[in-house]
Amino acid sequence: MGIWRSVSVLFLGFLLLNLSVARFVVEKNSFRVISPDSIKGTHDSAIGNFGIPQYGGSMAGTVVYPKENRKGCQGFDESGISFKSKPGALPSFVLVDRGDCFFALKVWNAQNAGASAVLVADNIEEALITMDTPEEDRQSAKYIENITIPSALIEKSFGEKLKKALSSDEMVNVNLDWREAVPHPDDRVEYELWTNSNDECGFKCDMLMEFVKDFKGAAQILEKGGYTQFTPHYITWYCPQAFTISKQCKSQCINHGRYCAPDPEQDFSRGYEGKDVVLENLRQLCVFRVANETKKPWVWWDYVTDFQIRCPMKEKKYNKDCAENVIKSLGLDLKSIEKCMGDSNADSDNPVLKEEQDAQVGKGTRGDVTILPTLVVNNRQYRGKLEKGAVLKAICAGFEETTEPAVCLSGEVETNECLNNNGGCWQDKAANITACKDTFRGRVCECPLVDGVQFKGDGYSNCQASGPGRCKVNNGGCWHETRDGHSYSACLDVASVFGDSQCKCPLGFKGDGFKSCEGEKRTFHDQLVLGCLLDLKYLFFMLRILAAQTLTNAKRRKPASALNAAARTPGEAIIAHAVETFCKRGTEVKSAWAAVWVILLGLAMAAGGAYMVYKYRLRSYMDSEIRAIMAQYMPLDSQGEVANHVSDDRA
């Protein structure tokens, strides 16, 4: 076993030497000191590769530096130390020193004592490093999987400043911020998982297998909805040229030492060999490629989870026959997958695995993939526990604000800020409408879109329905009431000539149109002018009515005003009803062609009426009548005072 470990180290060493641009990127989050002023400022901290970082969010807390057990290698409960914050106080961020034990153990001990986060101060002056979990330590695995708080490594010099402030009895308030730890440029997230088909590599493999099973549902929802683009990857090594003919390389590699994996049991004399793992890794890559070609890339999750269940190493079922049975059960094209895999005995490159080795090298902001398993979100490596809720947080942090899919607002990750006082946003309780939207990063106040009607406003104190159809939603915020079995509303779907308020009391009512409208008596003249003249698109209809009534009075040789005459005629109720009905219906949106025909018909009727008026020598009387109306309700700047023919007879 010791020999193979040495060979594995050689494999990795030769690989890294060959990759001239190889580099490891430390993923960081922002660490901001809020007080005291003497050390106030923003610093970088390295995200620990365990626990649950709050991707997309931030945490405020007070730094605590224990008086004893300052390296955190023993349980704090043994000394009677508690870091639980008092009600109403900020959470405790425990500061410990690096050294003497694993990073994860320090965090575990602090968590058990009530810490909300852990800051590890480096003990040497160096660039920040990533705090990782111990390798193949069964004892540590028992507590690592239960760490649920975030942790961060800070530089030695910065740690000394924190300690100095604390020693002076100053309160040190800080903020850990992960909101920019993952880029979030648009409404789709690209993420990849560097994984392995080996299920006998220790607690990391167990953790990986459990994660794939748990995350499968969320991953498929995101992929089917087009919210994400997922790609699986597999790490392989190559055997140095000097060892390609050795027994070790032949048993652990395919394609003459080009693609290798460690022995699953780390024992060459029993169990499966490394090349078995490489072949299954290759098969899983080809399953993804074939599924992706059929526009169903999410089937990869089905295959991997089914293979884990049906073909485990412990039951000696980790083989080609079992894998092909899983492929057939999922309806995948077996021949296409075999063609993709190619010849594992050929002394040449395998295109699929060669591409994987090239992808291991960091590009852009992403560093080399050297830790297995590794999750990469929007080209930034995820740090923390590989657990469904934590990973979903990281993926959801990769969406542009307000574009997160519904799965990101599930109970596991949503902020629920709208539940408390509606998030301080505008709300219409009667219509059950709110401007508050819960997003992954917190609530935003934006006027909503309801049943195709867009509300407009600042989202905090005001939102009003706007545009056609606005009256369908809570009567557009206008007054409405039912009297004697008839419903009345002050809402107008079309804008009036007086502005965009669009809330005006209906005929026979007066008021502000928003909170109240009281009934009043109006003549037919008032109804005609206020009802139709206020909306210029119905001017032609008004002229038609006016001309017709004038003609009727002229025939009867009555010198009184045509409008007053109409108001006194037995047909007043019928005409008023017609006008009111027309004006009401006129507020509905008409098609373009209907509007054209109405205008043409109105022009024709107006022309006919004018001709009849000319015939009875009443053109001058008509001009005077119309100008009197216009002068009263919409006076013209250029005209002087005009005699009112109707004011004397008004009720």
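This is a predicted model: local features need pLDDT of at least 70, side-chain atom pairs count only at pLDDT 80 or more; totals for chains, interfaces and linings use all residues.
Colleague: What makes S4 and S5 a pair of strands?

Modeller: Pairing requires at least two bridges, and five bridges join S4 to S5 (residues 117-121), the two running parallel. One of the residues involved is Val96, whose bridge partner in S5 is Val120.

Colleague: How do you know that strand S3 pairs with S4 as well?

Modeller: The cut-off is again at least two bridges; S3 (residues 58-64) and S4 have three, in the parallel sense. Val64 stands opposite Val94 of S4.

Colleague: Why is S4 described as largely enclosed by the rest of the structure?

Modeller: Buried means under 20% relative accessible area. Six of the six residues of S4 (residues 92-97) are buried, so the strand is largely enclosed. In a regular strand the side chains alternate between the two faces of the sheet. In S4 both faces are covered: Ser92, Val94 and Val96 are buried on one side, and Phe93, Leu95 and Asp97 on the other.

Colleague: What makes H2 largely enclosed too?

Modeller: Eight of the 10 residues of H2 are buried, so the helix is largely enclosed by the rest of the structure. Among them are Phe103, Val107, Trp108 and Ala110. Just after H2, Gly114 adopts a positive phi of about 105°.

Conventions. Residues are numbered from 1 along each chain as its sequence is written. Side-chain values use heavy atoms; hydrogens and water are left out. Buried means under 20% relative accessible area, exposed over 50%, partly exposed in between (1.4 Å probe, protein chains only). Helices (H or I, at least four residues) and strands (E, at least two) are DSSP runs, numbered from the N terminus.
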